[in-house]
Amino acid sequence: MSAIAFTVLGYSLSWLELAGVLTGLAAVSLAAMGKVINFYIGLVNNVLYFIIFYQNQLYSMMLLQVVFFSLCCYGVYSWSKPNEQQKKLKISLLKVHWRIVIGIIIIVAGLLWARLVVYFSELFPENIETPACPNIDALLTMASIAGQALLTRKKLESWALWMMIDASSTVFYATLGLYFTAILYSVYFCIGTRAFFRWRKEYLLQTENRQQQIIC
């Protein structure tokens, strides 16, 4: 698990982290293009980062991979299965009150989860090492769950949320010494920004076509 692939500027990149970076880039890029295969690659990425985060005592992010694994499975179903109204799931927006509710849930759930992680680390010190930055770890975890859940339903807000998560994660992982993962999240930010405007354009086009159909 700790075998080194190569060293750059004094930083030793393991094969594990390299595989995580490559599968992560592939999954996010394909998601931005609206390709359902992103979820299959995401499953592999979840397993890899489960191990990486365990090695770095980021227990919230580690458990997040389990949630992501489940959401990727649901994403395959949601994006692939036609419903009665349309042949495929289309991009849509959340109502304003749901944006507020989700924001509150992220903050409250994040702070509560951080306390729970610290509690268990103190309760079982021989099995669980002291968590690294539990509050930031937990808040990013809850925001990521929300972002991935919104992505499975093709909500435009998912990319706006991912942009905030990726920017914060870039700084967070850099401070922990996970430099390649920090670079990965900076690339995620660029992909997420591009995806947001691409999805927004498609959403506006959908809305325009729908209005024209109503008029006709």
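**Close-up 1. Lining of the largest cavity in the predicted model.** The largest cavity is lined by 27 residues, and among these V28, F68, Q148, W162 and Y188 lie nearest its centre. Its volume comes to about 400 Å³, and the count of cavities of 30 Å³ or more is one. At least two lining residues are supplied by each of the helices α1 (15-32), α2 (37-55), α3 (59-80), α5, α6 and α7 (179-215), with α2 giving the most, namely six residues.

**Close-up 2. The largest pocket and its lining.** About 160 Å³ of space lies in the largest pocket, whose lining consists of L94, R99, I102, G103, I106, L150, E157, A160, L161 and M164. Both α4 (96-123) and α6 (157-175) supply at least two residues each to this lining, which divides into seven nonpolar, one polar and two charged residues.

**Close-up 3. Packing of α4 against α5.** Helix α4 and helix α5 (residues 134-152) pack with their axes 8 Å apart and at an angle of about 135°, and the two helices are therefore oblique to each other; α4 passes α5 in a right-handed crossing. On the α4 side, the contact involves I102, I106, I107, A109, G110, L111, W113, A114, R115 and V118, which meet P134, N135, A138, L139, M142, A143, A146 and L150 of α5. The residues of this contact divide into 15 nonpolar, two polar and one charged. I102, I106 and L150, which take part in the contact of α4 with α5, also belong to the lining of the largest pocket.

Key:
Residues are numbered from 1 along each chain as its sequence is written. This is a predicted model: local features need pLDDT of at least 70, side-chain atom pairs count only at pLDDT 80 or more; totals for chains, interfaces and linings use all residues. Side-chain values use heavy atoms; hydrogens and water are left out. On a 1 Å grid over the protein atoms alone, a cavity is a set of points where a 1.4 Å probe fits but cannot get out, and a pocket is an open set with protein on both sides within 12 Å along at least five of seven lines; lining residues have an atom within 4 Å of a point. Grid points are joined across faces, edges and corners, and a volume is the space filled by probe spheres set on the points. Helices (H or I, at least four residues) and strands (E, at least two) are DSSP runs, numbered from the N terminus. Ala, Val, Leu, Ile, Met, Phe, Trp, Tyr, Cys and Pro count as nonpolar, Asp, Glu, Lys and Arg as charged, and the others, Gly among them, as polar. Axes are lines fitted to C-alpha atoms, for helices over the stretch in contact, and angles run from 0 to 180 degrees between N-to-C directions. Angles under 35 degrees count as roughly parallel, over 145 as roughly antiparallel, 65 to 115 as roughly perpendicular and the rest as oblique. A crossing is left-handed if the near helix is turned anticlockwise from the far one by less than a right angle, and right-handed if clockwise. Contact means heavy atoms within 4.5 Å.
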